[in-house]
Structure formats: C-alpha cells, structure tokens
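Here is a briefing on salt bridges and nonpolar packing in one protein model. Please look over the sequence and structure first.

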Amino acid sequence: MGLDTPKIRWGILATGGIAATFTEALLTLPDAEVVAVGSRSTAAAKEFAGRYGIPRAYGSWAELAADDGVDVVYVATPHSAHRAAAGLCLAAGRAVLCEKAFTLNEREARELVDLARGRDLFLMEAMWTYCNPLVRHMAAMIADGVIGQVRTVSARFGFAADFAPTHRMRDPEQGGGALLDLGVYPVSFAHLLLGEPDAVQAWARLTPEAVDETTGIVLGWDSGAVATLSCSFVSDLGAPAAITGSAGRIEIADGFFHAEAFTVHRPGQEPLTVRLADVHQDHDRGTMRHEAAEVMRALRAGETESPLVPLDGSLAVMRTLDRVRERIGVGYAADH
C-alpha cells in the first residue's frame, strides 16, 4: 500500500549546507511539506526551523525519528554518521533518503539495506545524478546503441580548497578524503553506464591525516571497457565527462552529475547537442527536485526502493569505493 496523503511530509536530519539546499528544493514542490527538523543541537534545529518555517524542531535525532507525523527523513549528516542516523530512522519505522556517499563502507551500507528490507521500508541513496532527466535520457540513448558498444568512460570532479587539518574533508573520524565526498560521483557515473567493474586500480596523494586529497582510478570490465576517473579537493579539475563507444562518443562539458547538456559525436554526422529543456520542462539545475520527486512517487506507489537508484546498485558502488580505498591506503575506524 502506498501513501495517498495530499502531501508527503518530510523530516530533515542535520542542518548544514546540503540540508538547507535540499529543504529549499522541497519548498518548491507543491506535493512536499517539510514538517520537522532534527539536530544534535536544539539551538541549531530551532534556527533552521525558523529560517524555513518548519513547525517542529528537535534537539536530537531520536526525537525526529519518533515523530509519527513524518513520512520520510532526509539524512544530511556527514557520511561518517549515515549508518547511525539512517539506521535510527529505519528502526523507528521511517522511510529514508540518505545522502551520498551512502555510508563509510559496504558493510555499513549492507546493514542499512538489510534493516530497510527486513522492515519493508523505503530506503534510497541520494544519488541525484541518477534522477536527472537528461542523464537518464543519455543513458537510454546509449542503451539503444547511439554510440555503439561502450568502450571507455572518463569523468573527474575536483576543486582547489585550503581546508584546515580539523576540517571534515581532512578528518578520518568524519570519513574525510576526496574519494567519498567527490569521487563517489565519477564512480557512480561509471557504474550507471557499465555496472560494477571486474578490476580496480588506484593511486592517491594523501594528507598528513592519511586521507586522500587527490585520487586517480582505473576501472576495468571483462568486456574490455575501461573507466578513468579522478577527484581532488586541492586541484580545480572541473567536472567533465566523456563516453566513447564503437560508433561515436558523448561529451559533457562540465557538471556531469547535474548535467544540463551533452553532445553526441558520430563519424560523418553533425554533432548533436541535447539539452535538459529538450527532455524536461524544468530548465534549472533542479536535480534535487527530481530526486525528491522520485522518492515521493515511490512512496505513493508503495515501493520500498527506487528503480532509478536501486539499493543493490548503491551496495555495488560502496564495494568499488572500498576497493579503491584499499588500493590507496585510506582506512577508517568503521572498517574494523
């Protein structure tokens, strides 16, 4: 049985920047209602609630999880807390949309998936790229053979920042490093097009705190396909992507994870550029809106996972990220 309420009632767990951006996206959706926010700080929860007109503010995650007036919780903590926060909500009977990277490792992700499936509850990783109408259209074109058999995927995502040693990006206790924060995008992009790789190689430059600041990854498939991926928080890599096939290639100039346009190049033909406006009426970068809309569609349909972001796919991405971390020598306490 799905939900048949006029509006899906959302709870927001955490009050940082990504929580604010997602809440702002929800407020533009007529069938969404943000009814509660939870934080480890009562003051932070009340400030966030006041900023967005949210009626209930809780000074603990447990209080938010216990709110029977919440249909689904968006978990927006750093990924080091995803297992605890999402698990608390699932245990309380709440559906969950959990930010990426899904967890710190595949074991934690498996625990969440098993918990959700055991309780027949909806759970989805917030991999907004998979919900982007243009990316979905591109993947469908590739599946239909527009560039033939996929042979290579390349994608990178990076920016230059000067994070203090105590910043979460450099803190192993908070799952720091470029890989889980930024590399999850190119890795997930390669998975979308080719599935889980058969071989994984990687190299990284580590910070003094022993997390990766720049990582290069090569993924291989028994089909012969290869993906070359990179991420960094000390180098401005941009976010371009390219897919080559036996009969052409597709290029995304930048922002592949919330793509607004891609260009198809085929021998003997004029390049074909496809834009978001061509496949969807939403012309802005409303990728979070598409993600939220997919969650609400699934809840109303009584589905416990989204076909766009299947849980087995999220587990596969986490396995690949684990293999990359093993290659580059980055470990977390949660791995033991």
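Is Arg 319 buried, partly exposed or exposed? Arg 319 is partly exposed, at a relative accessible area of 29%. Buried means under 20% relative accessible area, exposed means over 50%, and partly exposed lies in between (1.4 Å probe, protein chains only).

This is a predicted model, in which local features need pLDDT of at least 70, side-chain atom pairs count only at pLDDT 80 or more, and totals for chains, interfaces and linings use all residues. Residues are numbered from 1 along each chain as its sequence is written, and side-chain values use heavy atoms, with hydrogens and water left out.

**Salt bridges: count and network**

- A salt bridge is a side-chain nitrogen of Lys or Arg within 4 Å of a carboxyl oxygen of Asp or Glu.
- The count by this rule is 23 salt bridges.
- One network of salt bridges links Glu 106, Arg 110, Asp 114, Glu 196 and Arg 319.

**Glu 196 and Arg 319**

- The side chains of Glu 196 and Arg 319 form a salt bridge at 3.0 Å, N to O.
- Glu 196 sits in the loop between H8 and strand S8 (199–206), and Arg 319 in helix H11 (residues 311–328), so the pair ties together parts 123 residues apart in sequence.
- Helices (H or I, at least four residues) and strands (E, at least two) are DSSP runs, numbered from the N terminus.
- Glu 196 is partly exposed, at 31% relative accessibility.

**Asp 181 and Arg 168**

- Asp 181 and Arg 168 join their side chains in a salt bridge at 2.7 Å, N to O.
- This pair links distant parts of the chain, 13 residues apart: Asp 181 is in helix H8 (residues 178–194), and Arg 168 is in the loop between strand S7 (150–160) and H8.
- Asp 181 counts as buried because its relative accessibility is 17%.
- Arg 168 is partly exposed, at 30%.

**Glu 326 and Arg 327**

- A salt bridge of 3.5 Å, N to O, joins the side chains of Glu 326 and Arg 327.
- Glu 326 is exposed, at 61% relative accessibility.
- Arg 327 is partly exposed, with a relative accessible area of 34%.

**Nonpolar core**

- A nonpolar core is a set of buried Ala, Val, Leu, Ile, Met, Phe, Trp, Tyr and Cys residues joined through side-chain atoms within 4.5 Å.
- The largest nonpolar core has 119 residues, and Trp 10, Phe 189, Ile 243 and Phe 256 touch the most other members.
- H8 gives the most to this core, with 10 residues.
- Leaving out residues up to four places away in sequence, Phe 189 touches Met 138, Val 153, Ala 155, Ala 241, Ile 243, Ile 252 and Phe 256; contact means heavy atoms within 4.5 Å.
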